[in-house]
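Where does this protein leave open space, and what surrounds it? Take a look at the model before reading on.

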Amino acid sequence: MTPSLTASSPTPSSPRLGAGHPGSPDLLRSVFRRHAAGVAVITAETCGRPAGFTATSLNSVSADPPLLSFTIGTGSSSWPAVRDSDHLGVHILGEHQRELAGLFARSGADRFGPATGWSTGPHGVPVLDGVLAWLVCRVVARVPAGEHRVIIAEAVAGDPAGEGRPLLYHQGRFNALRD
């Protein structure tokens, strides 16, 4: 016998259907503040200078071929470097790197100043020191999405051997995992 589907009254953990808000930028921001995301720094080299930014939109796309994606606003100071680079660095930050995440998120900051440990990696990509893991990726697509671009890139080199626990972004702040 198949159980029947019946409507039930909302519980504290169930949504109240019909009481939603119209789609808007504010609604999307409000909903995604409740979504915990990993924190990455994306780096590139342009005209002999390093560039980079903090991203919480990093996603695995495919294992074979090894593809990932992230988004960047076309108004970002890092957009020209990402737009013009064939290869990018993707760095997974640890909970000990809140200050680094904040530095790469701040507009106008000297992101590659003396306080930032980094070296030139494969394909000339800036690779940050002390991260949980890093990849150098070849850009395969830049897909328009509103005022952003979805970047799809293929991993060509990397190292997953960093120590520590991941840094998260939730409710507008950088946070650590809780057990």
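The model is predicted. Start with the general idea. Rolling a probe the size of a water molecule over the atoms shows where empty space is left.

The largest pocket has a volume of about 720 Å³. Its lining takes in 21 residues. Nearest the centre lie Leu28, Arg29, Phe32, Arg33 and Thr56. Two or more lining residues come from each of helix 1 (25-33), strand 1 (37-38) and strand 11 (167-170). Helix 1 contributes the most, with 5 residues. By class, the lining holds 10 nonpolar, 9 polar and 2 charged residues.

Now turn to the second largest pocket. Its volume is about 570 Å³. Here 18 residues form the lining. Phe53, Thr54, Thr71, Gly73 and His148 are the ones nearest the centre. Strand 3 (49-55), strand 5 (67-73) and helix 3 (98-105) each give two or more residues to this lining.

Glutamine 97 sits in the loop between strand 6 (87-92) and helix 3. Is glutamine 97 buried or exposed? Its relative accessibility is 6%, so glutamine 97 counts as buried, the cut-off being under 20%. The side chain of glutamine 97 reaches the backbone oxygen of glycine 130 at 3.1 Å. Leaving aside residues up to four places away in sequence, glutamine 97 touches Ile92, Asp129, Gly130, Val131 and Leu167.

Notes:
Residues are numbered from 1 along each chain as its sequence is written. This is a predicted model: local features need pLDDT of at least 70, side-chain atom pairs count only at pLDDT 80 or more; totals for chains, interfaces and linings use all residues. Side-chain values use heavy atoms; hydrogens and water are left out. On a 1 Å grid over the protein atoms alone, a cavity is a set of points where a 1.4 Å probe fits but cannot get out, and a pocket is an open set with protein on both sides within 12 Å along at least five of seven lines; lining residues have an atom within 4 Å of a point. Grid points are joined across faces, edges and corners, and a volume is the space filled by probe spheres set on the points. Helices (H or I, at least four residues) and strands (E, at least two) are DSSP runs, numbered from the N terminus. Ala, Val, Leu, Ile, Met, Phe, Trp, Tyr, Cys and Pro count as nonpolar, Asp, Glu, Lys and Arg as charged, and the others, Gly among them, as polar. Buried means under 20% relative accessible area, exposed over 50%, partly exposed in between (1.4 Å probe, protein chains only). A polar contact is a pair of N or O atoms within 3.5 Å; within protein, one must be able to donate a hydrogen and the other to accept it, and residues adjacent in sequence count only if both atoms are side-chain atoms. Contact means heavy atoms within 4.5 Å.
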